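Please look over the sequence and the structure first, and then follow the sections below.

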Amino acid sequence: MGEAERGESAPRLRISFWCANGHETRPSFASDAQIPDTWDCPRCGFPAGQDEENPPAPPRTEPYKTHLAYVRERRSDADGEAILAEALAKLRGEI
């Protein structure tokens, strides 16, 4: 089906969005659509806003944590020593 057979397209607006790296993205929206506050930059993936001077800050990513790192957040060294001593006592048949 060609353009002539489909009829007129809906009126469109092209809105500029800028990311923290200075990339400009210009997606088109229907003229009656609600324009979002942010848009993902297709070049770097950072959020982009409509204010070129003050683009949204890139998201802060937390480094990957191992299971041991999570355990160390919840338990002190003294707790770990006590748990280890109890487990060793069970293995040796002392408990």
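Glu86 is partly exposed, with a relative accessible area of 42%, where buried means under 20% relative accessible area, exposed means over 50% and partly exposed lies in between, for a 1.4 Å probe and protein chains only. The model is a predicted one, in which local features need pLDDT of at least 70 and side-chain atom pairs count only at pLDDT 80 or more, while totals for chains, interfaces and linings use all residues. Residues are numbered from 1 along each chain as its sequence is written, and side-chain values use heavy atoms, with hydrogens and water left out.

The side chain of Glu86 meets that of Lys90 in a salt bridge of 3.8 Å, N to O, the term being used for a side-chain nitrogen of Lys or Arg within 4 Å of a carboxyl oxygen of Asp or Glu. Both residues lie in helix 3, four residues apart, which is about one turn of the helix, and Lys90 is exposed, with a relative accessible area of 53%. Helix 3 covers residues 77–92, and its 16 residues reach 22 Å from the first C-alpha to the last, close to the 22 Å expected at 1.5 Å a residue; the expected span is 1.5 Å times one less than the number of residues. Helices (H or I, at least four residues) and strands (E, at least two) are DSSP runs, numbered from the N terminus. Just after helix 3, Gly93 takes a positive phi of about 80°.

## The other salt bridges

The structure holds three salt bridges. In one of them Arg60 pairs with Glu62, their closest N and O atoms being 3.2 Å apart; Arg60 is exposed at a relative accessible area of 71%, and Glu62 is exposed as well, at 56%. Another joins the side chains of Glu73 and Lys65 at 2.3 Å, N to O, and here Lys65 is partly exposed, with a relative accessible area of 28%.

Four strands form an open sheet in the order 3-2-6-5, with antiparallel pairing, two strands being paired if DSSP finds at least two bridges between them. Strand 3 (24–25) and strand 5 (38–40) stand at the edges with a single partner strand each, so one side of each is left without a neighbour in the sheet. Strand 5 is joined by three bridges to strand 6 (residues 47–49), and these two run antiparallel; within strand 6, Ala48 is the bridge partner of Trp39.

Thr25 is found in strand 3 and is buried, with a relative accessible area of 11%. Setting aside residues up to four places away in sequence, Thr25 touches Ile15, Ser16, Phe17, Trp39, Cys41 and Pro42, a contact being heavy atoms within 4.5 Å.

## Core and aromatic cluster

Which residues make up the largest nonpolar core? The six are Ile15, Phe17, Cys19, Phe29, Cys41 and Ala48, a nonpolar core being a set of buried Ala, Val, Leu, Ile, Met, Phe, Trp, Tyr and Cys residues joined through side-chain atoms within 4.5 Å. Not counting residues up to four places away in sequence, Ala48 touches several residues, including Phe17, Cys19 and Pro56. Phe17, Phe29 and Trp39 form one aromatic cluster.

Terms used:
Phe/Tyr/Trp six-rings, centres within 6.5 Å; stacked < 30°, edge-to-face > 60°.
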